[in-house]
Amino acid sequence: MAYDKIRDPRRIMHVEGDMEVDYIYTAGIAGERFFVALRDEEKLLATHCDKCNHTFMPPRMYCDRCFAELSNWIEVPPAGTIASYTITHEDNNGERLPEPVVLAFIEIEKTDGALIHQIGEVKPGALKIGMRVQAVFKKKSKRTGALTDIRYFKPA
Ligand SMILES: [Zn+2]
(Lines give C-alpha, C1' and ligand atoms only; values in the text may rest on other atoms or scores of the structure.)
Protein backbone atom coordinates (compact mmCIF):
# COMPACT_ATOMS: atom_id res chain seq x y z
CA MET A 1 0.00 0.00 0.00
CA ALA A 2 1.36 3.36 -0.97
CA TYR A 3 1.76 5.93 1.73
CA ASP A 4 0.17 9.25 0.89
CA LYS A 5 1.26 12.18 2.95
CA ILE A 6 -1.72 14.14 4.16
CA ARG A 7 -1.37 17.73 2.98
CA ASP A 8 -4.90 18.83 3.76
CA PRO A 9 -5.40 18.87 7.54
CA ARG A 10 -9.19 18.59 7.04
CA ARG A 11 -8.58 15.01 5.96
CA ILE A 12 -7.20 14.08 9.37
CA MET A 13 -9.79 12.29 11.44
CA HIS A 14 -10.09 12.64 15.15
CA VAL A 15 -11.05 9.48 17.04
CA GLU A 16 -11.42 9.32 20.81
CA GLY A 17 -9.89 6.28 22.39
CA ASP A 18 -7.22 4.73 24.53
CA MET A 19 -4.04 3.38 23.11
CA GLU A 20 -2.11 0.63 24.87
CA VAL A 21 1.40 1.83 25.47
CA ASP A 22 2.78 -0.83 27.76
CA TYR A 23 6.22 -1.95 26.83
CA ILE A 24 8.34 -4.76 28.06
CA TYR A 25 11.98 -4.08 27.47
CA THR A 26 14.09 -7.14 27.21
CA ALA A 27 17.76 -7.00 27.91
CA GLY A 28 18.49 -9.42 25.08
CA ILE A 29 19.54 -13.03 25.49
CA ALA A 30 22.91 -12.24 27.05
CA GLY A 31 21.46 -9.56 29.30
CA GLU A 32 18.65 -11.84 30.43
CA ARG A 33 21.07 -14.53 31.54
CA PHE A 34 23.28 -11.94 33.24
CA PHE A 35 20.39 -10.43 35.25
CA VAL A 36 18.90 -13.80 36.24
CA ALA A 37 22.26 -14.96 37.63
CA LEU A 38 22.65 -11.63 39.41
CA ARG A 39 19.17 -11.84 40.96
CA ASP A 40 19.05 -15.55 41.87
CA GLU A 41 22.66 -16.39 42.63
CA GLU A 42 24.50 -13.11 43.34
CA LYS A 43 26.76 -13.99 40.44
CA LEU A 44 28.33 -11.76 37.84
CA LEU A 45 28.53 -13.53 34.49
CA ALA A 46 30.75 -12.49 31.61
CA THR A 47 31.36 -13.91 28.15
CA HIS A 48 34.82 -14.71 26.88
CA CYS A 49 36.09 -14.62 23.31
CA ASP A 50 38.65 -17.42 23.14
CA LYS A 51 40.02 -16.12 19.85
CA CYS A 52 40.68 -12.56 21.10
CA ASN A 53 41.18 -13.53 24.74
CA HIS A 54 38.78 -10.75 25.69
CA THR A 55 36.25 -10.99 28.52
CA PHE A 56 33.09 -8.96 28.07
CA MET A 57 31.45 -7.28 31.06
CA PRO A 58 28.54 -6.74 30.67
CA PRO A 59 28.40 -9.99 28.66
CA ARG A 60 27.77 -9.90 24.93
CA MET A 61 26.56 -12.51 22.49
CA TYR A 62 29.04 -11.54 19.80
CA CYS A 63 32.62 -10.37 19.93
CA ASP A 64 32.89 -6.84 18.56
CA ARG A 65 36.44 -7.52 17.43
CA CYS A 66 36.23 -10.78 15.47
CA PHE A 67 32.40 -11.13 15.28
CA ALA A 68 32.52 -14.65 16.73
CA GLU A 69 29.44 -15.86 18.56
CA LEU A 70 30.31 -16.04 22.24
CA SER A 71 29.14 -19.15 24.07
CA ASN A 72 31.85 -19.32 26.71
CA TRP A 73 30.15 -17.98 29.84
CA ILE A 74 32.27 -17.48 32.91
CA GLU A 75 31.54 -16.38 36.45
CA VAL A 76 33.65 -13.46 37.59
CA PRO A 77 33.99 -12.02 41.09
CA PRO A 78 31.39 -9.35 42.00
CA ALA A 79 34.31 -7.07 42.72
CA GLY A 80 36.56 -4.64 40.96
CA THR A 81 38.65 -1.51 41.07
CA ILE A 82 37.49 2.12 41.00
CA ALA A 83 38.82 3.58 37.75
CA SER A 84 37.00 6.89 38.12
CA TYR A 85 34.32 8.39 40.35
CA THR A 86 32.14 11.41 40.90
CA ILE A 87 30.37 12.71 43.97
CA THR A 88 26.90 14.10 43.45
CA HIS A 89 25.07 16.34 45.91
CA GLU A 90 21.79 16.72 44.00
CA ASP A 91 19.19 14.36 42.56
CA ASN A 92 17.88 14.40 38.97
CA ASN A 93 15.51 17.26 39.87
CA GLY A 94 18.24 19.42 41.33
CA GLU A 95 17.10 18.78 44.89
CA ARG A 96 19.83 18.54 47.46
CA LEU A 97 20.42 14.94 48.60
CA PRO A 98 20.49 14.23 52.35
CA GLU A 99 23.83 12.52 51.82
CA PRO A 100 26.20 12.91 48.87
CA VAL A 101 26.13 9.92 46.50
CA VAL A 102 29.29 8.48 45.00
CA LEU A 103 29.07 6.99 41.53
CA ALA A 104 32.04 5.09 40.18
CA PHE A 105 33.28 3.46 37.01
CA ILE A 106 34.33 0.06 38.34
CA GLU A 107 36.60 -2.19 36.32
CA ILE A 108 35.35 -5.68 37.12
CA GLU A 109 37.99 -8.23 38.10
CA LYS A 110 39.00 -10.89 35.59
CA THR A 111 37.22 -9.02 32.79
CA ASP A 112 38.03 -6.32 30.26
CA GLY A 113 34.82 -4.49 31.13
CA ALA A 114 33.33 -2.24 33.74
CA LEU A 115 30.09 -1.26 35.43
CA ILE A 116 28.96 2.13 36.66
CA HIS A 117 27.54 1.85 40.15
CA GLN A 118 27.14 3.54 43.50
CA ILE A 119 29.82 3.28 46.18
CA GLY A 120 28.77 2.92 49.81
CA GLU A 121 30.25 2.53 53.27
CA VAL A 122 33.08 4.94 52.56
CA LYS A 123 33.60 8.62 53.39
CA PRO A 124 33.99 10.65 50.18
CA GLY A 125 37.35 11.90 51.46
CA ALA A 126 38.64 8.34 51.72
CA LEU A 127 37.85 7.49 48.09
CA LYS A 128 40.77 6.67 45.85
CA ILE A 129 41.23 5.70 42.24
CA GLY A 130 42.43 2.11 42.29
CA MET A 131 40.46 1.26 45.45
CA ARG A 132 39.22 -2.33 45.41
CA VAL A 133 35.48 -2.67 45.96
CA GLN A 134 32.98 -5.51 46.21
CA ALA A 135 29.25 -5.73 45.54
CA VAL A 136 26.70 -5.55 48.34
CA PHE A 137 23.47 -7.23 47.23
CA LYS A 138 19.90 -6.41 48.19
CA LYS A 139 17.97 -9.01 50.14
CA LYS A 140 16.87 -11.75 47.76
CA SER A 141 13.16 -10.91 48.21
CA LYS A 142 13.86 -7.31 47.08
CA ARG A 143 15.73 -8.19 43.89
CA THR A 144 14.10 -7.58 40.53
CA GLY A 145 16.68 -8.76 38.00
CA ALA A 146 18.30 -5.37 37.48
CA LEU A 147 21.71 -3.87 38.13
CA THR A 148 20.14 -2.25 41.20
CA ASP A 149 19.96 -5.74 42.74
CA ILE A 150 23.44 -4.66 43.77
CA ARG A 151 22.79 -1.93 46.38
CA TYR A 152 26.28 -0.53 46.00
CA PHE A 153 29.91 -1.52 46.00
CA LYS A 154 31.87 -1.12 49.24
CA PRO A 155 35.60 -1.13 49.92
CA ALA A 156 36.81 -4.74 49.86
ZN1 LIG B 1 36.84 -12.08 19.34
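Biologist: Which residue is the bridge partner of leucine 45 in strand 3?

Modeller: The bridge partner is glutamate 75. This is a predicted model, in which local features need pLDDT of at least 70 and side-chain atom pairs count only at pLDDT 80 or more, while totals for chains, interfaces and linings use all residues. Residues are numbered from 1 along each chain as its sequence is written.

Biologist: What makes strand 1 and strand 3 a pair?

Modeller: Two strands pair if DSSP finds at least two bridges between them. Strand 1 and strand 3 are joined by five bridges, and therefore meet that criterion; they run antiparallel. The strands themselves are DSSP runs of E with at least two residues, helices are runs of H or I with at least four, and both are numbered from the N terminus.

Biologist: Why are strand 2 and strand 3 said to stand at the edges?

Modeller: The open sheet has three strands in the order 2-1-3, with antiparallel pairing. Strand 2 (54–56) and strand 3 (72–76) each have a single partner strand, so one side of each has no neighbour in the sheet.

Biologist: Is glutamate 75 buried or exposed, and how do you know?

Modeller: A residue is buried with 20 or more other C-beta atoms within 10 Å of its own, exposed with 12 or fewer, and partly exposed in between; the C-beta atoms are placed from the backbone. Glutamate 75 has 12 such neighbours and therefore counts as exposed.

Biologist: How is lysine 43 classed by that count, and why?

Modeller: Lysine 43, in the loop between helix 1 and strand 1, has 14 other C-beta atoms within 10 Å, so this residue is partly exposed. For the protein, 17% of the 156 residues count as buried.

Biologist: Which residues does glutamate 75 touch, beyond those up to four places away in sequence?

Modeller: Contact requires C-beta atoms, placed from the backbone, within 7 Å. On that basis glutamate 75 touches Lys43, Leu44 and Leu45.

Biologist: What makes strand 4 and strand 5 a pair?

Modeller: Nine bridges join strand 4 (residues 79–90) to strand 5, and the two run antiparallel. They form a hairpin with five residues between them, and glycine 94 in the turn has a positive phi of about 80°. Isoleucine 82 stands opposite isoleucine 106 in strand 5. Strand 5 also pairs antiparallel with strand 6 (residues 114–119), over six bridges, where valine 102 stands opposite isoleucine 119.

Biologist: What makes a set of residues a nonpolar core?

Modeller: Such a core consists of buried Ala, Val, Leu, Ile, Met, Phe, Trp, Tyr and Cys residues joined through C-beta atoms within 7 Å. The largest one here has 19 residues, of which Ala104, Ile106, Ile119, Val133 and Phe153 touch the most other members. Strand 5 gives the most to this core, with four residues. Isoleucine 119 is in contact with residues including Val102, Ala104, Val133 and Phe153, neighbours within four places being left aside.

Notes: Two residues are in contact if their C-beta atoms, placed from the backbone, lie within 7 Å.
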